[in-house]
2 protein chains.
Amino acid sequence: MHFDPNINCPYASGTTAFGDVVLSSRARLARNLEGFPFVNSASVGDCEEVELLLAPACNCDDDFTLVWVDLHKLSKVERAMCAERHLISTNFADADNPRGVMVGPELARSIMINEEDHLRIQSIKPGLDLLNAHNDVMAMDQRMEKLVAYAFDEQLGFLTACPTNVGTGARFSVMMHLPALRITKGFRQLYNACEGMSIAIRGYHGEGSETIADLYQLSNQVTLGYNEEDLRSMLEDEFLPTVIENERNARMKIIEKYGAKLDDRVFRAQGILENATILPLDEAMDCLGRVRLGVSLERITNLEINTINQLFIDIQNGHLQWRYDGNLSEAELQEKRATLVKEKFAA
Amino acid sequence: MHFDPNINCPYASGTTAFGDVVLSSRARLARNLEGFPFVNSASVGDCEEVELLLAPACNCDDDFTLVWVDLHKLSKVERAMCAERHLISTNFADADNPRGVMVGPELARSIMINEEDHLRIQSIKPGLDLLNAHNDVMAMDQRMEKLVAYAFDEQLGFLTACPTNVGTGARFSVMMHLPALRITKGFRQLYNACEGMSIAIRGYHGEGSETIADLYQLSNQVTLGYNEEDLRSMLEDEFLPTVIENERNARMKIIEKYGAKLDDRVFRAQGILENATILPLDEAMDCLGRVRLGVSLERITNLEINTINQLFIDIQNGHLQWRYDGNLSEAELQEKRATLVKEKFAA
């Protein structure tokens, strides 16, 4: 397959803008082909035809490469891994209609074909960088437009399977680490502010997922009546800087007022990760979240924040199955997870 | 004062018999003076007179030394420390009648004056060694008998304040670490066997105390109708070897059947003790108990069992107050406890 899990996730290398609070920034465009029914009412033949029309995008001599990956040819583990990288959605990994994904070699760009919409074009950048994620998806969008005609309405804009995406079809989202806002009273305020701005707060795994490790995905919900650049700028230049500042202030307040308790929380989490031999996923994520706070506040100085960011991915079930090349039971996964974390922490 | 807390507790040095399961063995004799009311109905004058009669025992030129410690001259912290060493009872530490304790320089022998009985003579030995603890208390008993006449009845034996001690006045007890019996079903069986033999099972702090760290005090309850040597032998030579064997077998069974889970339990506890910066007493005791199991089964190889045994004492509130020379709040105690454990583990 054309998906190398040895490649680090894009937000686990280098120093990134606001990396203490923002893990990654993602831009996504939803597009559909004119003259074809939406995927939810499309026949197998329709889906295959859409694939055929779009596949040539992989053989372009543009300045970026896309590799075609047929979901049906991937193993269950490989599909899970793609979802764990957020290259594809979980629904897409488990669906059974004809579908595929075009993936950039750095595993940061992808285009899902025949997910909810015919095309879901996305790019993930480390730290707070919606601008470049947006540039990426615009470039991919232009390439696709040379091949096909999009379903577009003069009044409404781009037409999509779900009405919430009609208009620009654009969604901008950032994965944030907000442990201090959660601990302090700041979170209620954030919820209210988000509601007022039609910004959704979701868990690590997106829509409907539970909060884990204090990781939150913030994204715009409105796509109609704005242009893409306004949506991006509103989020990145106006809204998020305040959230980041509030989180940073809350961290300082915690250090000041509850420094001893913070250290206890943080070092205990490190102690569990360094010593447990059986690690359930939720507990591991939660402990990594605490350690991440410790690293970002320089209470823990023998670990890199990128090690944590990468582990958020590598300890997921699919990645563990792939790494240990096995058909591991849940009990075995918990043991391998503990082994892996210890290895990475000692490295 | 004549109590040096720098002296290690008697069961925290050297290799001891059955030290993997038995922390210490204690023999105790209850005695009262003829012609004096029991302490619960004695006047201050009576108590003082008893003290005066017995005090010369400290100036003997026998082959062992006893030092007189007046409880009223000890600080609250010092009294708490004596109780934490099991040199005196908690009731005795907190009482306000004239009372004192004679202490051997190794802090293993003591005679409480005016506790529940006029004399409570005791000796604590490391590991399973009731025989030598018994020899100790008999020697002390003989010394006291030279000074005073004991309340004694031809039919009943030695008379005591509480009827359960009438007869020999002897109690033999051992402090055992029984984590595997607790985890497996063996504990119910042990309870039943103890009941059949009139042996009491109590928590770490004796009568009425809760189980903590899987430490249990087993002691004879009957003192009437037997001679002391029979009581000791019944416990030490007949009953306890089976309990020890059962605990050891249960440990082997756990390793065999649940080795991975055992390691996880044990290493997590070590991880908490090595990393927490705030340690409540109960949690610290519990974690030490788990680590002790790990050490005794050689899952943990970088710690000595005596380090754990000594920490059971040193992390108690009185010992911490003394060590850090302060009037520490509960929060401060929890921090100092964490600091101390980390220090000792790293040593």
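Ala213(A) is buried, with a relative accessible area of 4%. Buried here means under 20% relative accessible area, exposed means over 50%, and partly exposed is in between (1.4 Å probe, protein chains only). Ala213(A) sits in the loop between β9 (199-202) and β10 (215-220) of chain A. Helices (H or I, at least four residues) and strands (E, at least two) are DSSP runs, numbered from the N terminus. The phi of Ala213(A) is near 60°, a positive value in a residue other than glycine.

This is a predicted model, in which local features need pLDDT of at least 70, side-chain atom pairs count only at pLDDT 80 or more, and totals for chains, interfaces and linings use all residues. Residues are numbered from 1 along each chain as its sequence is written, chains are lettered from A and ligands numbered from 1 in the order in which they are written, and side-chain values use heavy atoms, with hydrogens and water left out.

Asn114(A) is not a glycine, yet its phi is positive, about 65°. Asn114(A) counts as buried, at 2% relative accessibility.

Now a helix. Gln321(A) belongs to α10 (residues 317-323) of chain A. Gln321(A) is buried, and its relative accessible area is 12%. What does Gln321(A) contact, leaving aside its neighbours within four places in sequence? The partners are Val77(A), Gly326(A), Asn327(A), Leu328(A) and Leu333(A). Contact means heavy atoms within 4.5 Å.

Two other helices of chain A meet. They are α7 (residues 228-275) and α11 (residues 330-346). Their axes come within 7 Å and cross at roughly 115°. Axes are lines fitted to C-alpha atoms, for helices over the stretch in contact, and angles run from 0 to 180 degrees between N-to-C directions. α7(A) and α11(A) are therefore roughly perpendicular to each other. Angles under 35 degrees count as roughly parallel, over 145 as roughly antiparallel, 65 to 115 as roughly perpendicular and the rest as oblique. From α7(A) come Gln270(A), Leu273(A), Glu274(A) and Asn275(A). They meet Val341(A), Lys342(A) and Phe345(A) in α11(A).

Leu53(B) lies in its helix α1 (residues 44-54). Leu53(B) is partly exposed, with a relative accessible area of 34%. Leaving aside neighbours within four places in sequence, Leu53(B) is in contact with Leu33(B), Phe36(B), Leu147(B) and Val148(B). Asn40(B) is 13 residues from Leu53(B) along the chain, and their C-alpha atoms are separated by 19 Å.
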